[in-house]
Amino acid sequence: MTIDEGVVKYQSFWTRAPAPHAAAVDELETWRRPLFDAGLIGEYEEHGIGYGNISVRCGEPGQFMISGTQTGHLATTDKSHYAVVTSWNVHGNRVCCVGLSQASSEAMTHAAIYQLDQHIGAIVHVHSADLWRQYLNQLPTTSPDVPYGTPGMANEFRRLYVDTDFRKTQLAVMGGHEDGILSYGRSLEEAATRVLNLMGTAN
Ligand SMILES: [Zn+2]
């Protein structure tokens, strides 16, 4: 398989300073924990590359806090492992963030999904070879030609939202990002539980 997780493909304007809205960290850590325990967030050990990321709206409208790049291997996280995405431009392929960690390489995808609906309050992106194989083209699936972390992937989620029942499933498979699954919800609890419930159905 091709592993290009973790490579930041957008132009990143990172202000290295404590992330504002530290209260969101506790909620992120609370819901990250069961995902990590289930192996849905973690690290490809042979490659030493972390995977999976999680975010929640906080602060100004449109802003959100997201796990930092290369934090997948951590069993527990704290405020040093998150960044607030303060602005972005999908068309210009730019993301601005503030935090002691740089925002996840998939921050642009999260940003584009938040933009779809103000009621989307949290997003969870996990990796699972089993779920990916089982639900590829069964759940709404992004094009196999579109790699993660690109404006193309952001546009793909818009397409799924408009043209498929992604709005109903609130779960999607990333066809061009092997093992990649994404869910959203009004809250982190909703988004995380949706993915964890899927685990219960895996063969
Ligand atoms: Zn991923």
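Okay, one term before we start: a salt bridge here is a side-chain nitrogen of Lys or Arg within 4 Å of a carboxyl oxygen of Asp or Glu. Keep in mind that what you see above is a predicted model.

With that rule, we count five salt bridges. Let's go to Arg186, Glu190 and Arg194, which are linked in a network of them.

Now helix H1, residues 23-37. In H1, Arg33 and Glu29 sit four residues apart, about one turn of the helix, and their side chains meet in a salt bridge at 3.0 Å, N to O. So are these two buried or exposed? Arg33 counts as partly exposed, because its relative accessibility is 37%, while Glu29 has 12% and so counts as buried.

Helix H4, residues 151-163, has a pair too: Arg159 and Glu156, three residues apart. Their closest N and O atoms are 2.9 Å apart. Arg159 is partly exposed at 34%, and Glu156 is buried at 9%.

Over in helix H3, Asp130 and Arg133 are also three residues apart, and their salt bridge comes in at 3.2 Å, N to O. Here Asp130 is partly exposed at 44%, and Arg133 is exposed at 59%.

Okay, on to the sheet. Eight strands form an open sheet, in the order E1-E7-E6-E5-E4-E8-E10-E9, with mixed pairing. E1 and E9 stand at the edges with a single partner strand each, so one side of each has no neighbour in the sheet. From one strand to the next, the twist averages 20 degrees.

Note on methods
Residues are numbered from 1 along each chain as its sequence is written. This is a predicted model: local features need pLDDT of at least 70, side-chain atom pairs count only at pLDDT 80 or more; totals for chains, interfaces and linings use all residues. Side-chain values use heavy atoms; hydrogens and water are left out. Two strands pair if DSSP finds at least two bridges between them. Helices (H or I, at least four residues) and strands (E, at least two) are DSSP runs, numbered from the N terminus. Axes are lines fitted to C-alpha atoms, for helices over the stretch in contact, and angles run from 0 to 180 degrees between N-to-C directions. Contact means heavy atoms within 4.5 Å. Buried means under 20% relative accessible area, exposed over 50%, partly exposed in between (1.4 Å probe, protein chains only).
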